[in-house]
Amino acid sequence: MKSARQIVSDVQSGASSAEAEVTSSLEAIRSKNDELNVFLFVDEVGALDAARSVDERVAKGESVGALAGVPIALKDNLCQRGVPTTAGSRILKGWLPPYNATVIDRLLAAGAVPMGKTNMDEFAMGSSTETSAYGPTRNPLDPTRVPGGSSGGSAAAVAAEMTPLALGSDTGGSIRQPAALCGLVGLKPTYGLVSRYGLIAFSSSLDQIGPLATNAADAALLLEVIAGHDPMDSTSLPESAPLLLAHLDDGVEGKRVGLVRELVEGAEEEVVASVNRAVEALRDAGAVIVELSVPEFRLGLSAYYLIAPAEASSNLARYDGVRYGLRVDAEDVAAMNEATRTLGFGAEVKRRIMLGTYALSAGYYDAYYGQALKVRTQMIDAFRRAYQQVDLLVGATTPTVAFKFGAKTSNPMAMYLSDVYTIPTNLAGDAAISVPFGTGESQLPVGVQLLGPGRSEAQLLAAARVLELADGRP
Amino acid sequence: MSLAEGWEMVVGLEVHTELKTATKMFCGCANAFGAEANTHVCPVCLGLPGSLPVLNVRAVDLAMAIGLALHSTIASSTFHRKNYFYPDMPKDFQISQYDLPINSGGYLDLPDGSRVSIERAHLEEDTGKSTHLGGSGRIHGADRSLVDYNRSGVPLVEIVSGPDIRSSAQARLYAAELRGILIATGASDGRMEEGSMRIDANVSVRQVGQPLGTRCEVKNLNSLRSLHRAIDFEAARQFELIEGGGVVRQETRHWDEQLGQTSTMRTKEEADDYRYFREPDLVDLIPDEAWQERIRGTLGVMPAERRATLRARLTSPTSSQLDALDVVVVLGFDDYVLAAIDAQVDTSLAMARAANELASDVEHISNLTPDAFAITLKMEQDGELSATQAKTVLLELLAHGGEPRDIAKKKGFEQLSSGALGDTVSELIAQHPDEWARYRDGDDKLVQFFIGEVMKLTNGQANGKAVVAELQARR
Amino acid sequence: MASPLRREDVAKVAKLARLTLSEAELDLFTEQLGQVLEHAKDIAALNLEGVVATAHPFGLINVVRDDVLRANLSREDVLAMAPDAEDGRFAVPRIIGEAP
């Protein structure tokens, strides 16, 4: 599959057309979607229309944007006008948003071609895409295994070579972990770097939209297009999109990189082995490696599984059968709300709503939610202290390679543990990237995670570039 | 109304006012009353998946103005979510302020000399409106309800008083004074009937000197009169209940204006747990000194000061003039009265015309300038217009604006020349010889008869005083 | 293992969240939520007095917009999504109880 950068270059030069690229993408989707269940909706008509309009602009010599003609897969929690958007849930089956998420407007302005909406864990709650109301997505590298979650469909779209780019969302690791399990580059931007307007909310203080790609340059390209201040999002950082491609080849000479014990403890052997080899590669490229311990990271899981469900319990209250989506009729409106939500939400969503409601309720707020918010402050402070000693941190993205379907579904805690290395970054609001490096059992990919302070995407992508070169992927 | 000896009512008022902004609290939809249902909505105020709130700076300015006018402390504040399910709430949570409101503390001095403390005045968003079908149109007995979200997201300030009010009369004064302040700051138009200002009363009773009794919240007070009546009813109800050995249950009660009583609203099985937590989609609000100073500078003159200014211009006011003074200030007509007094119009006349004619068409007051008001009253005072004519001119000015003399001319309110008047009187004397004889003999009551007849013949264009003078001259 | 969470708590919370649980679900969720809360004991036990919750991780404050009109949705778009509508309004079954 061509990289996104190659497609843009070909479309702009006339070596290819947007329509040809999109047609090729549609073929790839058609040939594999039934088996893999990647896309919940393929927007064939919309994609071809968009492609043709890009080609018209090229023909007229008009500028077409940084992503001209590039097919892109969109996680189904991104609102796209007139396109079915379900967030992987039955409660939004058939809902057509009347507006575009800001990131989608930016993609369109850059000439990108949205191909359709990808499968995900219901309301982004999960780490395997097994909680989707529309069936699981299969990992293209091994269809008996999960692609990770919650952005499993988006990761699979790229890994299956249906599209070179995809957008996912990351609240506790939902871009990075699927990237790791599918052998892709996945980045969670600094909180506020990318607008959340139009992203169906899971946990408002943690959610961020980010890129999934086969290489660092493509990820950088996509992030440059979607990042930057948005007046429609009050939590959006004030600055415009950072320059990322320009710094891609900065290297890591002289950079101090901290290998964090708590980001590898409990990981499978081959995952640890990959991390160690990645650390060597960074050292070979001129980085100074420091071994660190940040014990506060161990508190992340508990804090996250109180904060995220609490916010989610509130964010998901609006699904009440009144204004859109599923409605199950009843004698009175409260009974209607209850019947609708009971049928419309899956077990994991119900679990988290109840957990969150409990954590916020009178008498328990201080011990649980209130306490978790304080732990979060401690997490932020711990990161700041670490970044006084080093520029970046390194560790594993997730403890295992892609696991078999059903392996972690009997016990919620087992699934939650998949996020143990990714969660701290979300709590702090910082940035992190997963880069494929080496393989584990059954030749399945391992993801190595690089973490940086807020607004360090350029550094992270440069370090990711070093790793991918070292891993033999020019 | 008073309770038994040694007992008192304790009342606190919660006033919600809609703010006079062009757009809603968190989105750019129009903040407009009376539009067709669901025509001023967007993803944000409909709470669609993916929508996010962005705070309206004018709502903050007005909230601060209210705080300053109430002598509150403006502090750093945050927004919180108040979580509960209700169909008129698109997100099934309301964005409000909880433990860190923008304004806290403060007080309101009332015209009777009493002071009521203010606990807080905070920002929050309004809900949509539901209408109930089937049954009486009230919620009980309805089959289904219809929801309009035009009002959803309109900015509100909620003002909570301390439990300092001790009578329904005082409550009414508080509400009227607060409304005057809200209008004076430009924050609100204070229209209770339209719902832009809503009052709930917390009422309890106790023996003087004892701890506070259990209170009930009374809702559905749509006018100052309802407020007054409801408080009296509720205090009496609680007192009688306690006298009879009963216990007041803490609950919310609905005031029925027709029946003149409060009744229990359907009680919920358990108290609402709103699970307040900080709104993660908004950031903290920290108005610095410069911002607060700027608002202070735009504050304008509050009703108390305006009352004092007008009062000073009234020499030996009668009690009805003092009543009229309150009405005039509350309605913001003091500028009109002052303009008239400056033009040498009699204060009684100025106050009367303001409290009556102007008050009858408050909506259109902007069509009338204080100058035009003064000119019209001067014409009446000088005898160029009769009372009836002057009122007509004022109403015309209110309806369509214009110049008093032009209007008078157009309506043919020409001053009846003394010659024409004389001819008219002569004609009447000829038509009514018996009455004229009795008048000449001293029956003064017949002045009214002749004035009435003159008015009939001249279509009300004669000046009453001139007629009297003419009659006396011929006696 | 005794769950830190009782069955009645879960039932109460389900009601607050407008969810109906079967008896079996009530048992299952009591156990599963109990496990999560048990795990969260590590932070419940910490003495964090004096630690203040963080609002925005990068200290954003005073984000406001001007009081200016912005295009809204057409009524057609709005009602097209409605499960039930009448007379330009969203229709719902009867509401029991006044708003808080």
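How much space lies in the second largest cavity? The second largest cavity holds about 60 Å³, a cavity being a set of points on a 1 Å grid over the protein atoms alone where a 1.4 Å probe fits but cannot get out. The structure is a predicted model, in which local features need pLDDT of at least 70 and side-chain atom pairs count only at pLDDT 80 or more, while totals for chains, interfaces and linings use all residues. Residues are numbered from 1 along each chain as its sequence is written, and chains are lettered from A in the order in which they are written.

The lining of this second cavity (residues with an atom within 4 Å of a point) includes A:S313, B:Y84, C:L16 and C:A17. It divides into six nonpolar, four polar and two charged residues. The largest cavity has a volume of about 120 Å³; among the 18 residues that line it, A:R318, B:S51, B:L52, B:K91 and B:D281 are the closest to its centre.

Between chain C and chain A, 50 residues of chain C are in contact (heavy atoms within 4.5 Å) with 64 residues of chain A. The area buried between the two chains, that is, the accessible area (1.4 Å probe) lost on being put together, summed over both, is about 5000 Å², with carbon and sulfur atoms giving 68%. In chain C, the residues losing the most area to chain A are C:R18, C:I43 and C:F58, together 14% of what that side buries.

One salt bridge (a side-chain nitrogen of Lys or Arg within 4 Å of a carboxyl oxygen of Asp or Glu) is found across this interface. The side chains of A:E338 and C:K15 meet in a salt bridge at 3.2 Å, N to O.

Conventions. Side-chain values use heavy atoms; hydrogens and water are left out. On a 1 Å grid over the protein atoms alone, a cavity is a set of points where a 1.4 Å probe fits but cannot get out, and a pocket is an open set with protein on both sides within 12 Å along at least five of seven lines; lining residues have an atom within 4 Å of a point. Grid points are joined across faces, edges and corners, and a volume is the space filled by probe spheres set on the points. Ala, Val, Leu, Ile, Met, Phe, Trp, Tyr, Cys and Pro count as nonpolar, Asp, Glu, Lys and Arg as charged, and the others, Gly among them, as polar.
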